[in-house]
Amino acid sequence: ALVRRLTELHGGHVSAHSEGLGKGTRFTVRLPATTRVEGALSPAASLPCGCCEGTSVLVVEDDADAAEMLSLVLERRGYHVSVAHDGPGALAQVSRTRPDVVLCDLGLTPAMDGYEVARRVKAEHDAPLLVALTGQAGRRARDASSDAGFDAHLVKPLEPASLEALIAARLTAAGARG
């Protein structure tokens with residue numbers, strides 16, 4: 001599902017073929033010669049209202065490659081990005097940098113998973129927008145992230161437009177209150 005979704009985001013498709021039981025399976029990923037990635041990474045072309053540019057985002061992801069890729073996408077869209085690779089690092093970054101948004105993978109180390117990060121951030125800080133980032137899309141996963149204090153639940157791979165819509169709604173609501 002993850003490969004299919006990433007491929008579709010790049011304008012391609014995935015197919016699978018097998019000759020039968022015990023014969024193996026061939027997966028084919030087809031991408032267009034020119035993908036939408038370059039245009040999708042352009043901050044000017046992608047910010048719906050301009051209100052998200054300059055927003056500080058903390059990416060909490062234990063997979064270094066995934067954290068780097070997400071950071072690159074967000075930076076190219078105009079966000080100020082910092083990264084933490086575990087729960088204690090995330091708490092230290094929140095204390096030090098006071099980000100506007102925390103994107104937190106739920107499946108961090110067992111010692112401190114994303115749920116515990118959210119509970120502690122909510123308890124110890126003037127809470128930023130907390131967004132659970134996970135491969136789990138089901139109702140039970142959404143309920144668990146909400147119970148832990150997350151404001152939103154986004155499924156990997158993250159579509160930056162979904163994040164921008166959340167941030168824009170939060171900024172609009174904050175502006176209406178204050």
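What share of the contacts in the protein chain between residues at least 6 apart in sequence join residues at least 24 apart? The share is 58%, where contact means heavy atoms within 4.5 Å.

**Before starting**

The model is predicted, so local features need pLDDT of at least 70 and side-chain atom pairs count only at pLDDT 80 or more, while totals for chains, interfaces and linings use all residues. Residues are numbered from 1 along each chain as its sequence is written, and side-chain values use heavy atoms, with hydrogens and water left out.

**The whole chain**

Display the protein chain as a cartoon. Eight helices and seven strands make up its secondary structure; these are DSSP runs numbered from the N terminus, with helices (H or I) of at least four residues and strands (E) of at least two. Of the 178 residues, 37% are buried. Buried means under 20% relative accessible area, exposed means over 50%, and partly exposed lies in between (1.4 Å probe, protein chains only).

**First stop: salt bridges**

The structure contains seven salt bridges, each being a side-chain nitrogen of Lys or Arg within 4 Å of a carboxyl oxygen of Asp or Glu.

Select Arg-77 and Glu-164, whose closest N and O atoms are 2.8 Å apart in a salt bridge. Arg-77 stands in the loop between helix 4 and strand 4 (80-84), whereas Glu-164 belongs to helix 8 (residues 160-177); the pair links distant parts of the chain, 87 residues apart. Both Arg-77 and Glu-164 are buried.

Next, select Lys-156 and Asp-105, which form a salt bridge of 3.0 Å, N to O. Lys-156 is in the loop between strand 7 (152-155) and helix 8, and Asp-105 is in strand 5 (residues 101-105), so this pair ties together parts 51 residues apart in sequence. Lys-156 counts as partly exposed because its relative accessibility is 26%, while Asp-105, at 7%, counts as buried.

Then move to helix 7 (residues 139-148), where Arg-139 and Asp-143 lie four residues apart, about one turn of the helix. Their side chains form a salt bridge of 3.8 Å, N to O. Arg-139 is exposed, at 62% relative accessibility, and Asp-143 is partly exposed, at 35%.

**Second stop: a buried glutamine**

Select Gln-93 in helix 5 (residues 87-97). Gln-93 counts as buried because its relative accessible area is 10%. Beyond its neighbours within four places in sequence, its contacts include Leu-58, Ser-82 and Pro-99.

**Last stop: surface patches**

Patches are made of residues with over 30% relative accessible area and no salt bridge; like charges are joined within 9 Å, and nonpolar side chains (Val, Leu, Ile, Met, Phe, Trp, Tyr) within 5 Å.

Select Asp-62, Asp-63, Asp-65, Glu-68 and Asp-86, which gather in a surface patch of negative charge. Lys and Arg count as positive and Asp and Glu as negative; His and the chain ends are not counted. The place of a charge is NZ of Lys, CZ of Arg, CG of Asp or CD of Glu. Asp-62 is in the loop between strand 3 (56-60) and helix 4 (64-76).

Finally, select Val-3, Val-29 and Leu-31, which make a nonpolar surface patch of about 260 Å². Val-3 is part of helix 1 (residues 2-9).

Key
Areas by Shrake-Rupley, 256 points an atom, 1.4 Å probe, with all protein chains shown as cover.
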